[in-house]
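Open the model in your viewer and keep the sequence panel beside it. The stops below go from the whole chain to a single pair of elements.

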Amino acid sequence: MTEHMIRKHALECMNKAELEAVLNSLVLSEDERTVMKLIYLKRKPLGYIADIMGYSESGIKKIHCRVIKRLKNLR
């Protein structure tokens, strides 16, 4: 399992309070914070997020990956 997948899995296993604490510890743009909350707290699919935010699905994936990579710096 790649390091990216391990971090993603760790986020999926957190409860709401833990995830909120992690997201608050990162300096995120409003769009980045919204994407992460919709993915991990609301469990919305990427296509839905793209539609409501006015991005392409690949744009949402890029935002998601950018935030996941920042988690690496928290260690």
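Begin with the whole protein chain, which is a predicted model. Show its accessible surface: the total is about 4,900 Å², and 54% of that belongs to carbon and sulfur atoms. Of the chain's 75 residues, 32% count as buried.

Now switch to a cartoon view. The protein chain has five helices and zero strands, so its elements read α-α-α-α-α from the N terminus on. Among contacts in the chain with a separation of 6 or more, 57% are between residues 24 or more positions apart.

Next, select Leu11, Val35, Met36, Tyr40 and Ile49. In the largest nonpolar core, which has 19 residues, these five touch the most other members. Two or more residues of this core come from each of helix 2 (16–25), helix 3 (30–40), helix 4 (46–53) and helix 5 (57–71).

Keep Val35 and hide the rest of that selection. Which residues does Val35 touch, leaving aside those up to four places away in sequence? They are Ile49, Met53, Ile60, Ile63 and His64.

Finally, show helix 3 and helix 5 together. Their axes come within 9 Å and cross at roughly 95 degrees. Angles of 65 to 115 degrees count as roughly perpendicular, and helix 3 and helix 5 are therefore roughly perpendicular to each other. To see the contact, select Asp31, Glu32, Val35, Met36, Ile39 and Tyr40 in helix 3, which meet Ile60, Ile63, His64, Arg66, Val67, Ile68 and Arg70 in helix 5. Colour them by type: eight are nonpolar, one is polar and four are charged.

Notes:
Residues numbered from 1 in each chain as written. Predicted model: local features only at pLDDT ≥ 70, side-chain atom pairs only at ≥ 80, totals over all residues. Heavy atoms only, no water. Helix = DSSP H or I, 4+ residues; strand = E, 2+ residues; numbered from the N terminus. Buried < 20%, exposed > 50% of the residue type's maximum accessible area, 1.4 Å probe, protein only. Contact = heavy atoms within 4.5 Å. Areas by Shrake-Rupley, 256 points an atom, 1.4 Å probe, with all protein chains shown as cover. Core = buried A, V, L, I, M, F, W, Y, C linked by side-chain atoms within 4.5 Å. Axes fitted to C-alpha atoms, helices over the stretch in contact; angles between N-to-C directions. Parallel < 35°, antiparallel > 145°, perpendicular 65-115°, else oblique. Nonpolar A, V, L, I, M, F, W, Y, C, P; charged D, E, K, R; others polar.
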